[in-house]
Amino acid sequence: GALISMNACAGNEPSLDGVPPELDGGSSLTEDGARSETDGGPSADAKADADASVPCSPDGFCHLPVPVSDSLRAVWGDDAGTVWTVGAEGNILRWDGTAFVVHQKVSSPLYAIWGSGPTDIWVAGESGIFHGQGATSSSVTFTAAAYVPTVPIRSIHGFGPNDVWFVGGVSDFERGEEGVVLRYRGPKDDAEVEFDHDPIEAEGGGFTAVWGSSPDDMWVASSTQFGMVARVFHGHGDGSGGTAFEEVEIKAEIPDMGLVLSEVIGGIHVPETFIAGNISWFGFMWLGVVWSGAIDPPDGDAGAVVWGNEDNWGENWAFAVRGIHGTSKNDVWFVGETGRVRHFDGAKWSLARVTIDKMPFVEDLYGIWGGSKDIWIVGDKTVLRKSTEVKP
């Protein structure tokens, strides 16, 4: 997988490329490359006109214009109208209510984003961690953290402005295996290190994901053996401000094949635990899987739910899963390569229709985030939006 084997720019100071946030609400690119300025607050008529012009699939996935040709890797929103997304070209995009605008740009690929609110945003990637703050979302300014990881940051998750986790690493034949698990607990004096390293780093491998429902329900995952075997750890408060992690066995059994989970890309707790990842065979064949089970089941067998079932699991070869979202055990989504969007209703998986014309939609999808009104999906030159609001 390219996600695991990507090289980091070790030792390079992260930098911003001089694209300041648009303090007047942002700007978007027109078809001829010119910038059209917005006033930061769309009118009701403008929003209605914009919604009417956006093409949508039969299942309600609307394809929004993307101002730059970027491979968008992660998306986050505040569930009140502000949405942020980042890409492999270093662009940080912001939804201004009617369109995405290039809010700021950094000099290296970005893979992860999380925020405690619309004006407190963290982004990270190949060679740095950046913190965005401002009085309003349109005036947020991203600055590079003083600490520069030696490996790419792959995932961010937090529980408030002063409790944020960052994980990353590499696991490949070229660079070997190195991982990092960092925790930010708020601003510190200049003489102190801004991030604390968690002892779970000693378990080795390149860390790929972090998530959790609370500080007492933390999860991290890593890939070891040069990206061939995944490990998952569950953490809870140790009573002294730290986190105690224990490894959880994740079985991903496929009939008559005996393959093991090689990569975990994330998870959700709704309150059942679902963990999404991939099985690879010598690094070039992929099968997306979603694990579901109790942490300590009475019979000791947590099991796994495979993408599909024993009758049709073969159709999923070569389509890796890259993002997961859900609101309950009867409403789980994941997205992946070649435009796959799947939904689990508690009994079965179904393939969502995202195509808007006669041509199949095959852009790789990497990130998904959902609030009370919308689901947002991002990928290669792609932003999809699906309304989930129940209207009277």
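**View 1. Hairpin between strands S28 and S29 in the predicted model.** Three residues link S28 to S29 in a hairpin; strands here are DSSP runs of E of at least two residues, and helices are runs of H or I of at least four residues, both numbered from the N terminus. In this predicted model, local features need pLDDT of at least 70 and side-chain atom pairs count only at pLDDT 80 or more, whereas totals for chains, interfaces and linings use all residues. Residues are numbered from 1 along each chain as its sequence is written, and side-chain values use heavy atoms, with hydrogens and water left out. Five bridges connect S28 and S29 in the antiparallel sense; two strands are taken as paired if DSSP finds at least two bridges between them. Within this pairing, Leu365 stands opposite Gly379 of S29.

**View 2. Hairpin between strands S29 and S30.** Strand S29 (residues 374–379) pairs with strand S30 (residues 382–387) over six bridges, again in the antiparallel sense. Gly379 lies opposite Thr382 of S30. Two residues separate S29 from S30 in this hairpin, and Lys381 in the turn has a positive phi of about 50 degrees.

**View 3. Burial of strand S29.** Six of the six residues of S29 are buried, so the strand is largely enclosed by the rest of the structure. Buried means under 20% relative accessible area, exposed means over 50%, and partly exposed lies in between (1.4 Å probe, protein chains only). Both faces of S29 are covered: Asp374, Trp376 and Val378 are buried on one side, and Ile375, Ile377 and Gly379 on the other.

**View 4. Open sheet containing S28, S29 and S30.** The four strands of this open sheet follow the order S3-S30-S29-S28, with antiparallel pairing. Strand S3 (61–63) and strand S28 (365–370) are the edge strands, each pairing on one side only. From one strand to the next, the twist averages 25 degrees, where axes are lines fitted to C-alpha atoms (for helices over the stretch in contact) and angles run from 0 to 180 degrees between N-to-C directions.

**View 5. Open sheet of strands S24 to S27.** A further open sheet has four strands in the order S24-S25-S26-S27, and the pairing is antiparallel. Its edge strands, S24 (321–328) and S27 (349–351), each pair on one side only. The twist in this sheet averages 20 degrees from one strand to the next. Three bridges join strand S26 (residues 341–344) to S27 in the antiparallel sense, and His343 is placed opposite Ser350 of S27.

**View 6. Strand S20 and its hairpin partner S21.** Six of the seven residues of strand S20 (residues 263–269) are buried, so S20 is largely enclosed by the rest of the structure. A hairpin with three residues joins S20 to S21. S20 and strand S21 (residues 273–280) run antiparallel and are joined by six bridges; Val264 stands opposite Gly277 of S21.

**View 7. The largest nonpolar core and the surroundings of Ile156.** The largest nonpolar core has 44 residues, and those with the most contacts inside it are Trp122, Val123, Ile129, Ile156, Phe166 and Trp376. Such a core is a set of buried Ala, Val, Leu, Ile, Met, Phe, Trp, Tyr and Cys residues joined through side-chain atoms within 4.5 Å. Leaving aside neighbours within four places in sequence, the residues in contact with Ile156 include Ala112, Ile113, Trp114, Trp122, Val123 and Phe166; contact means heavy atoms within 4.5 Å.

**View 8. Gly227 in the loop between S17 and S18.** Gly227 is located in the loop between strand S17 (217–224) and strand S18 (229–237). With a relative accessibility of 9%, Gly227 counts as buried. Gly227 and Glu177 are 50 residues apart in sequence and 8.8 Å apart in space, C-alpha to C-alpha.

**View 9. The whole chain and its confidence.** The protein chain has two helices and 30 strands. Of its 392 residues, 52% are buried. The pLDDT, the predictor's confidence in each residue from 0 to 100, averages 80 over the protein chain, and 74% of the residues score at least 70. Over residues 1–12 the pLDDT is below 50, and this stretch has 36 contacts in the model beyond near neighbours in sequence. Residues 294–317 also have a pLDDT below 50, with 55 contacts beyond near neighbours in sequence.
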